[in-house]
Amino acid sequence: MVRLYAGYMDEKNLPKNLLAASRYFADPDVCVEFVASMRWPDGVTCPHCEGKRVSYLKTRRIWKCMAKTCHKQFSVKTFSVFEDSPIPLDKWLTAVWLVVNCKNGVSSWEIHRDLGVTQKSAWFMLHRIRLALRTGSWGKFGGESGPVEVDETFIGGKITNMHRKAVRRRKIGHNGGSDKTAVMGILDRGSRQVRAKVVPNVRREVLQSEILAQVEKKSTVYTDGHVGYDSLAAKDYIHETVNHVEEYVRGQVHTQGIENFWSLLKRGLKGTYVAVEPFHLDRYVDEQVFRYNNRATKDNPLTDLDRFAFAVSQIANKRLTYKELIGKDARPEN
Ligand SMILES: [Zn+2]
């Protein structure tokens, strides 16, 4: 990740911590300026036609596109995760700050209390923010970058905390009656980046098609002895396994990097999220992946502001309606 204070913001005025952020964003004009500069680092661009000739209506905090064929109006919220939300930007931005900078995440109850929105609104906000944090996959792991670790884990299942419909849906939709949801993760040792997602099961076809999609051929792949990883060598990978019954580490051959990610994921789920329904788990995984991939390291000393700015730059062209969130479309993609 690159540091970005793109566009027209003066970096030295930007907030460095939560208290400063909530003061800074108390001014709605500052909120608009900040979101615009993160969303459109090369200058405000009409989201309807990509035109650059726009005129700002300061009293309404919207732009009007000057392109003859367009003439549409838009705000910083148009075609973004903030779209159609009556919640003001200062609350949105403070919520984003909390999500990306609290190591184990925040719950909708905390957002509700801290920001003075209803718990239901807070829950919806959190899901939209997680959608913004979901990063596309650019290129494959492995190759020149170094070996990758692949592992899977199971999350669940606090059935008592779930309403009946959700339980029924889960039982039909997931592991054929098991009350746990499988998550698969891949860690690139070179870049120290993780990708993780909910998977329907941990059978060979599922795990291996994910590896084929995410990892360069001829890469070295470290896994445990799970049968789902059998015959990876035949698919043009250098496959080494560690047998967890007898050993956890054999020199470089281990999966402790990805296991470390699992423990972060589980700690967050246990501490903050009383019960995450399986069809919402993918979004929570996205959130934890974002924090992991944008954590401060010696080589990359990112600040809270860096993480926050990067998150805000990711809000565009993503939308999530309440109906999608609670309806049948809210199941994990696969
Ligand atoms: Zn336009």
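Reader: Which residues of helix α7 are buried?
Author: In this predicted model, Val 206, Leu 207, Gln 208, Glu 210, Ile 211 and Gln 214 are buried in α7, residues 204–214. Their cover includes β4 (148–156), β5 (180–188) and β6 (193–199).

Reader: Why is Glu 210 called buried?
Author: Its relative accessible area is 12%. Buried means under 20%. So Glu 210 is buried.

Reader: What makes Lys 197 and Glu 210 a salt bridge?
Author: Their side chains meet at 3.3 Å, N to O. The cut-off is within 4 Å, so the pair counts as a salt bridge. Lys 197 lies in strand β6 and Glu 210 in helix α7, so the pair ties together parts 13 residues apart in sequence.

Reader: Why is Lys 218 called exposed?
Author: Lys 218 has a relative accessible area of 58%. Exposed means over 50%. So Lys 218 is exposed.

Reader: What separates Asp 304 and Arg 307 in helix α10?
Author: About one helical turn, because they are three residues apart in α10. Arg 307 is buried at 10%, whereas Asp 304 is partly exposed at 29%.

Reader: How many residues of α10 are buried?
Author: Eight of its nine. What covers them includes α2 (28–39), α3 (89–101), α5 (119–133) and α9 (278–293).

Terms used: Residues are numbered from 1 along each chain as its sequence is written. This is a predicted model: local features need pLDDT of at least 70, side-chain atom pairs count only at pLDDT 80 or more; totals for chains, interfaces and linings use all residues. Side-chain values use heavy atoms; hydrogens and water are left out. Buried means under 20% relative accessible area, exposed over 50%, partly exposed in between (1.4 Å probe, protein chains only). Helices (H or I, at least four residues) and strands (E, at least two) are DSSP runs, numbered from the N terminus. Contact means heavy atoms within 4.5 Å.
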